[in-house]
Amino acid sequence: MKLEFHGHDERYTVEQSLLNLFPGELPVYEPIGPGDENWAVVSCREEEGRLLAAVDLCRGGEKTTAFHTSALSGTDYEQEGQRRHAIGTCFFQAYRALTGNTPPWGMLTGVRPDKLATEALAEGKTPAEARKLLEGAYFVTPRRAALALETGTAAFEAAKALGPRDIAVYIGIPFCPTRCAYCSFVSQSVERSFSLVEPYVEALVKEIEAGGRMVREAGLHVRAMYMGGGTPTTLSAPQLDRVLAAFESAFGPALDGCGEITVEAGRPDTITAEKLAVLNARGVHRISVNPQTMEENVLRAIGRRHSPGDIESAMDLAAKCGFPHVNMDLIAGLPEDSPEGFQRSLDRCLQFGTDNVTVHTLALKKGSRILLEGLSIPGPGAVEAMLDYAEPTLRRAGYAPYYLYRQKYMSGSFENVGWTRPGGECLYNIYIMSELCSILSFGAGGSTKMVDPARRLIRRRFNPKFPKEYTERPEKALSNQADFAAFYAR
């Protein structure tokens, strides 16, 4: 779509709106010609303390115009936000006038739509006022606004228990048995990169040891640890034990307030009694067993080498170990799946008695086999039917939503939601999705996030992406740790 701006240069705002409302459309910055059928002219000016925005939108030759006016006040930073909101609102209103559609999340384009509710509650607004903000100022549908209020309230309550020197830790294991069709994560298939695993563990242990010293010296406290991937249980039992032992030893007293250690076991074909025994012995509170589907044909379509029976066996092993919390993940919209198949998968997961279920919506990621090979996937209507079944079914079974997030290119522009029975919340998921505290990340592709909630300040540092690069450049991770320590020395 050709874009033309008058009186401003808010390219990012318009580009994100375009991505949200017209998936697949790319911005083109060329002059609009008489024969062009897809274009937008986005204007914004200031007049006597007010913002006046206008959008002329043409799609397939059909045209409409929308206007929006709002107050302009506060600091330069606040005015910049007001300008972005006015332009985004006007673009959305033009889209809705032209198409008659209202996406489930309205004009919101970010990863964390419930953050608005959390911030509103923190400012002293009532739940009704927070919900009204989502529906009125951002055009979120009532159902999604209610969902965001629930998860935003969970984040608001979790924030109350955090101190200024409380942090969380992430340990990344970027290896999987095979690569799933929907995946674009920076992870290595063990069958192709087995030789990298042992050097990676060696480098990871050294980074953890250095990070633990830094955290102790800075007087920080770890409230939650999450080991994810990839698939952490791709490691052997001795390798898992070595990493967890290094974490326990390196952080020492900094773990006194840590009530949550999670390991994403993930793929059922990597779970063994020996590995679960290691996790149990090292005090792991929570594991994930992530079938994504219980349908045999869907497992084959996404490139999984396990069967529904393997999932059953993995859950039996987990039950025998007696982990306090077990999470299961499902994805709505996988290749070859149907609303009926998704319903069967969810019903079977609930029969296991797990206290956490995360319902993801398929995100069409660049580099995934789904896109590269053009695999057939359910349409937005089918995905909506899957989610429409999940919510009431989970609520009837005693679950409530406690965190959510969105991704680009999601089927039907929906969301991912974590559901829990009372007392089963994974605090790490709340901390990272709602950006409540700093996250110190270890391993290849690790994203360390430094958060100062009082000043709404967030800084990020990234480890090398690939395992080989990570093992060859330990100085990068150590530099990130130095920045982390400096952040808390202010």
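Visitor: Is the crossing of H11 and H13 left-handed or right-handed?

Guide: Please keep in mind that this is a predicted model. Helix H11 covers residues 339-351 and helix H13 covers residues 380-396, and the two pack with their axes 9 Å apart at an angle of about 25°. Since angles under 35 degrees count as roughly parallel, H11 is therefore roughly parallel to H13. The crossing of H11 and H13 is right-handed.

Visitor: How many of the residues in the contact of H11 with H13 are nonpolar, polar and charged?

Guide: On the side of H11 the contact is made by Pro339, Phe342, Gln343, Leu346, Asp347 and Leu350, while H13 brings Ala382, Ala385, Met386, Tyr389, Ala390, Thr393 and Leu394. Sorted by kind, the residues of this contact of H11 with H13 come to 10 nonpolar, 2 polar and 1 charged.

Visitor: Which residues make the contact between H8 and H10?

Guide: Helix H8 (residues 273-281) and helix H10 (residues 308-321) pack at an angle of about 35°, their axes being 10 Å apart, and H8 passes H10 in a right-handed crossing. The residues of their contact divide into 5 nonpolar, 1 polar and no charged. By name, they are Ala273, Leu276 and Asn280 of H8, together with Leu317, Ala318 and Cys321 of H10.

Visitor: What is the bridge partner of Leu57 in S4?

Guide: Strand S3, residues 50-59, runs antiparallel to S4, and 10 bridges join the two. Within S4, the bridge partner of Leu57 is Thr64.

Visitor: How many residues apart are Phe251 and Phe442, which form an aromatic pair?

Guide: The structure holds 15 aromatic pairs. The pair formed by Phe251 and Phe442 is edge-to-face, with 6.1 Å from centre to centre and 85° between the planes. Phe251 belongs to helix H7 (residues 237-251) and Phe442 to strand S15 (residues 438-442), so that the pair links distant parts of the chain, 191 residues apart.

Notes:
Residues are numbered from 1 along each chain as its sequence is written. This is a predicted model: local features need pLDDT of at least 70, side-chain atom pairs count only at pLDDT 80 or more; totals for chains, interfaces and linings use all residues. Side-chain values use heavy atoms; hydrogens and water are left out. Axes are lines fitted to C-alpha atoms, for helices over the stretch in contact, and angles run from 0 to 180 degrees between N-to-C directions. Helices (H or I, at least four residues) and strands (E, at least two) are DSSP runs, numbered from the N terminus. Angles under 35 degrees count as roughly parallel, over 145 as roughly antiparallel, 65 to 115 as roughly perpendicular and the rest as oblique. A crossing is left-handed if the near helix is turned anticlockwise from the far one by less than a right angle, and right-handed if clockwise. Contact means heavy atoms within 4.5 Å. Ala, Val, Leu, Ile, Met, Phe, Trp, Tyr, Cys and Pro count as nonpolar, Asp, Glu, Lys and Arg as charged, and the others, Gly among them, as polar. Two strands pair if DSSP finds at least two bridges between them. Rings of Phe, Tyr and Trp (its six-membered ring) pair if their centres lie within 6.5 Å; planes under 30 degrees apart count as stacked, over 60 as edge-to-face and the rest as tilted.
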